[in-house]
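User: I have a chain open and some questions about it. Can you take me through the charged residues and the overall build?

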Amino acid sequence: SKSSEEMKQQNSELSEKVHSLVSKNSAMKLDMEDLHKKLEMAELMIQQFSNQAGSLDANQQLQMALEEKASLETQVSQQLSESLHQLQAERDQYVEKLKEERSIWQQRVQQLSEQVHTMAEEKEKHMAQIRELEANVSEL
């Protein structure tokens, strides 16, 4: 029962870790949504500048907006990639931990099964001894 409690505690800790990671993932999604909104704003600015006459200031602003758009696209792509790699690594660790726990439980079940079998054999021996002693007492 102690090992069962320990396993429950470990499972609880792992569940808390998963919930924490889900929260982090949600925060990252919110950040990505903000970056997407900035990207959309940059695209709107590009469209506005594209529709205006070709003055030097407008061209410079258009170039800056294009550079900002490219930068934001790169940043979003990097964050997505990093998040994906992090989540995959954490998922793999969690799967490995579950496999280890499964192996431990299987070993424990095997041990208990062997103990039950041994105790059943001992009980049968003791019952035979009791019958033999009862027969001896009857003779006496």
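Analyst: Let's start with glutamate 124. Glutamate 124 is partly exposed, because its relative accessible area is 47%. Buried means under 20% relative accessible area, exposed over 50%, partly exposed in between (1.4 Å probe, protein chains only).

User: What does glutamate 124 form a salt bridge with?

Analyst: Its partner is arginine 131, and the closest N and O atoms are 3.7 Å apart. A salt bridge here is a side-chain nitrogen of Lys or Arg within 4 Å of a carboxyl oxygen of Asp or Glu. Arginine 131 is partly exposed too, at 45% relative accessible area.

User: What should I know about the model itself?

Analyst: This is a predicted model, where local features need pLDDT of at least 70 and side-chain atom pairs count only at pLDDT 80 or more, while totals for chains, interfaces and linings use all residues. Residues are numbered from 1 along each chain as its sequence is written, and side-chain values use heavy atoms, with hydrogens and water left out.

User: How many salt bridges are there by this rule?

Analyst: The count comes to four. One of them joins glutamate 43 to lysine 69, with the closest N and O atoms 3.8 Å apart. That pair links distant parts of the chain: glutamate 43 sits in helix 1 and lysine 69 in helix 2, 26 residues apart. Helices (H or I, at least four residues) and strands (E, at least two) are DSSP runs, numbered from the N terminus.

User: Which residues are linked in a network of salt bridges?

Analyst: Glu43, Lys69 and Glu73 are. Glutamate 73 bridges to lysine 69 with closest N and O atoms 4.0 Å apart. Glutamate 73 and lysine 69 are four residues apart in helix 2, so about one helical turn separates them.

User: What is glutamate 101 in contact with, leaving aside neighbours within four places in sequence?

Analyst: Met7, Gln10, Asn11 and Leu14. Contact means heavy atoms within 4.5 Å.

User: Switching to isoleucine 46. Buried or exposed?

Analyst: Isoleucine 46 is buried, with a relative accessible area of 12%. Isoleucine 46 lies in helix 1, residues 2-51. Apart from neighbours within four places in sequence, isoleucine 46 contacts Leu62, Ala65, Leu66 and Lys69.

User: And the overall build? How many helices and strands are there?

Analyst: The protein chain has two helices and zero strands. Its radius of gyration is 34 Å, well over the 14 Å that the globule rule gives for 140 residues, so the chain is more spread out than a compact globule. That radius is taken over C-alpha atoms; the rule is 2.2 Å times the number of residues to the power 0.38. The C-alpha atoms fill a box of roughly 125 × 15 × 15 Å along the principal axes.

User: What share of the residues is buried?

Analyst: Buried residues make up 13% of the 140.
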